[in-house]
Amino acid sequence: MADRLFSWLVFGCSLLVVLCMVWVLGDVVIEGLAHFSWQFLFTVPEDAGRAGGIGPILVSTVWILVIALAVALPLGLGVAIWLSEFSPGNSRFGNTTGITLDILAGIPSIVYGLFGNAFFSIYLGLGFSLMSGGLTLACMILPVFVRTCETGLRAVNDDWRRGALALGLTRSAAIWHILLPAARPAIIAGLILGIGRATAETAALLFTSGYVDRMPESLLDSGRALAVHIYDLSMNVTGGDGAAYASALVLITLIITLNTFAQSFVNSWFRRRLVVS
Amino acid sequence: MKRQKTNPYTLGEIEQGAPCCVPAPLLRVRDLTLGYGGKTVLSQVSLDIYKGCITALIGPSGCGKTSFLSALNRLTDHYDNAQVNGQILFDGQDVLHDPVDTLRLRRRIGMIFQRPNPFPLSIWRNLELPLKEHGVRDRQVRTKKIETALMDVGLWEEVSDRLHTSALALSGGQQQRLCIARALVLEPEILLMDEPCSALDPISSGVVESLILRLRERYTVVIVTHNLAQARRVANYAGFFWMTERVGKLIEFGQCRHLFEAPVHELTAAYISGAQG
């Protein structure tokens, strides 16, 4: 009897979670579709976003993402490889790096926004720009990405490391041909986490990429990200709810698409080096 | 009963062994002492590895046999806190102290591990990778070498129709033979084998054992084994390791037949008979 009660209880918890998701998604899809049209994706926002579309906003979002990933991906992989393969076990610098990453991962994004504003926008003179925003996001997603990749690399079978060394392969060959492909699932997971976090980010972008809703002409132009647009429409623009919903629909679709794309891209890239049975 | 000899390591005159066996030392180990983080695990080991012979190292677990093997190709460089002292003379060089290109050394002294460790690549790529990394650029040369290696280990007929499928799909015995092929493809002079059959079922173990016997004609083999019957069947020379005061020592070294039939040291006699009974 107690067992049955318990099983119903845990089932109820799961049901609640699923219902929440269905509700949120359903709300966004229904309300969003009411205001959505293909035009909406390509036109310029008018009347503070109440009318028109989100063309420039999409472009800014994509650029910010591209910059963030282009910086965070190689840098993050580099740090992860150093931590898992080269830093001697229990070295002080290795430990310090690890702790630093964990602290950085826990810092609220608004703090990243302030840092990005002070460092990239003012100190480096990048101003309110896609570049400042992208670099700030790169800093923000780096810690989680590094930790995920590092964990993945550490989990790779040690027998392969020894096997590679015993064959007289260089460390870099072992990493490139064997360890990185074997750590692929973790790298994908890190990438997806990073993309999700970067695409949905609002606070860190308010003070860095700004909220000008014009079409950006260069990476040093200010541009409004999609999440910032939704925030602005729902908080500051009366009568902007419809457009906010439609933008939210686009944002969710974008994240799902990017995740799928990231997964298949990383898969196919590594599959060429790795035959999975 | 037992004769006490002045040199405890070598027993009797070195006879001309098996026809392929040349009583010329290819590798001489002198006073090898090995420890991890200040704790000595192996002390003062001196022995010669003869060209074209199979040398078996026997003894209970934990007495440093695997560490000894790893020192010979300097894999110990990559073990945390490992210190190796003494001399390992190979081809006129002291492997431990002279400036040695370890990648080249490991090409000349291959190693097979207890657990088969084929890389998570296709069968073909497992063999191609070490060749490519050691600068064999010519595709035809590589193909020839790979085919020869697979034939040498008797895998060719079993896998020639699925060379480009994952090596991890092979059975344990096939994986171990693939690992041997992967070492052979680099044409090493010495093969170090660390209990190559202990993770295999009896039939695969038998196949690998007969393979080792066939290799004797062309390679010098040093094999660590817990299987005394196997040591007796395959080896020309045998060394017995034992722990005294928590430090591994080479108790007796000599021709395999002598060591098994007329051991000099009581410990050897006890170990051999104990394991027999």
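Predicted model: local features only at pLDDT ≥ 70, side-chain atom pairs only at ≥ 80, totals over all residues.
The loop between H1 and E4 of chain B is where B:Asn81 is found; helices here (H or I, at least four residues) and strands (E, at least two) are DSSP runs, numbered from the N terminus. B:Asn81 has a positive phi of about 60 degrees although it is not a glycine. Most residues other than glycine have a negative phi. B:Asn81 counts as exposed, because 11 C-beta neighbours lie inside 10 Å. The terms are these: buried requires 20 or more other C-beta atoms within 10 Å of a residue's own, exposed means 12 or fewer, and partly exposed is in between, with C-beta atoms placed from the backbone.

Residues are numbered from 1 along each chain as its sequence is written, and chains are lettered from A and ligands numbered from 1 in the order in which they are written.

A positive phi also occurs at B:Asp31, where the value is near 50 degrees in a residue other than glycine. B:Asp31 has its place in strand E1 of chain B. Is B:Asp31 buried or exposed? B:Asp31 is exposed, with 11 other C-beta atoms within 10 Å.

Let us turn to the sheet. In chain B, 10 strands form an open sheet in the order E5-E4-E1-E2-E10-E9-E3-E8-E7-E6, with mixed pairing; two strands pair if DSSP finds at least two bridges between them. Which strands are the edge strands? They are strand E5 (93–94) and strand E6 (109–112) of chain B, each of which pairs on one side only.

Strands of a sheet pair through backbone hydrogen bonds, either parallel or antiparallel. Strand E1 (residues 25–36) and strand E4 (residues 82–90) of chain B run antiparallel and are joined by eight bridges. Within E4(B), B:Leu89 stands opposite B:Arg28. By contrast, the pairing of E6(B) with E7(B) is in the parallel sense, over four bridges. There, B:Gly110 has B:Leu191 in E7(B) as its bridge partner.

In a regular strand the side chains alternate between the two faces of the sheet. Both faces of E6(B) are covered: B:Ile109 and B:Met111 on one side, and B:Gly110 and B:Ile112 on the other, are all buried.

Strand E2 of chain B holds B:Ser43. B:Ser43 counts as partly exposed because it has 19 C-beta neighbours inside 10 Å. Leaving aside neighbours within four places in sequence, B:Ser43 is in contact with B:Thr33, B:Val247, B:Gly248 and B:Lys249; contact means that the C-beta atoms of two residues, placed from the backbone, lie within 7 Å. From B:Ser43 to B:Ala269 there are 226 residues in sequence and 21 Å in space, C-alpha to C-alpha.

I now come to the helices. Two packed helices are described by the angle between their axes and the distance between the axes. Axes are lines fitted to C-alpha atoms, for helices over the stretch in contact, and angles run from 0 to 180 degrees between N-to-C directions.

In chain B, helix H3 (residues 123–133) and helix H6 (residues 172–184) pack at an angle of about 25 degrees, with their axes 8 Å apart. That makes H3(B) roughly parallel to H6(B); angles under 35 degrees count as roughly parallel, over 145 as roughly antiparallel, 65 to 115 as roughly perpendicular and the rest as oblique. On the H3(B) side, B:Ile123, B:Asn126, B:Leu127 and B:Pro130 meet B:Leu178, B:Ala181 and B:Arg182 of H6(B).

In chain A, the axes of H7(A) and H8(A) come within 11 Å and cross at roughly 170 degrees. That makes H7(A) roughly antiparallel to H8(A). A:Trp160, A:Arg161 and A:Ala164 of H7(A) make this contact with A:Ala174, A:Ile178 and A:Ala182 of H8(A).

Finally, the two chains meet. How many residues does each chain give to the contact? Chain A gives 19 residues and chain B gives 28 residues. On the side of chain A that touches chain B, the elements giving two or more residues are helix H7 (158–166) and helix H8 (171–182) of chain A. H7(A) supplies the largest share of that side, six residues.
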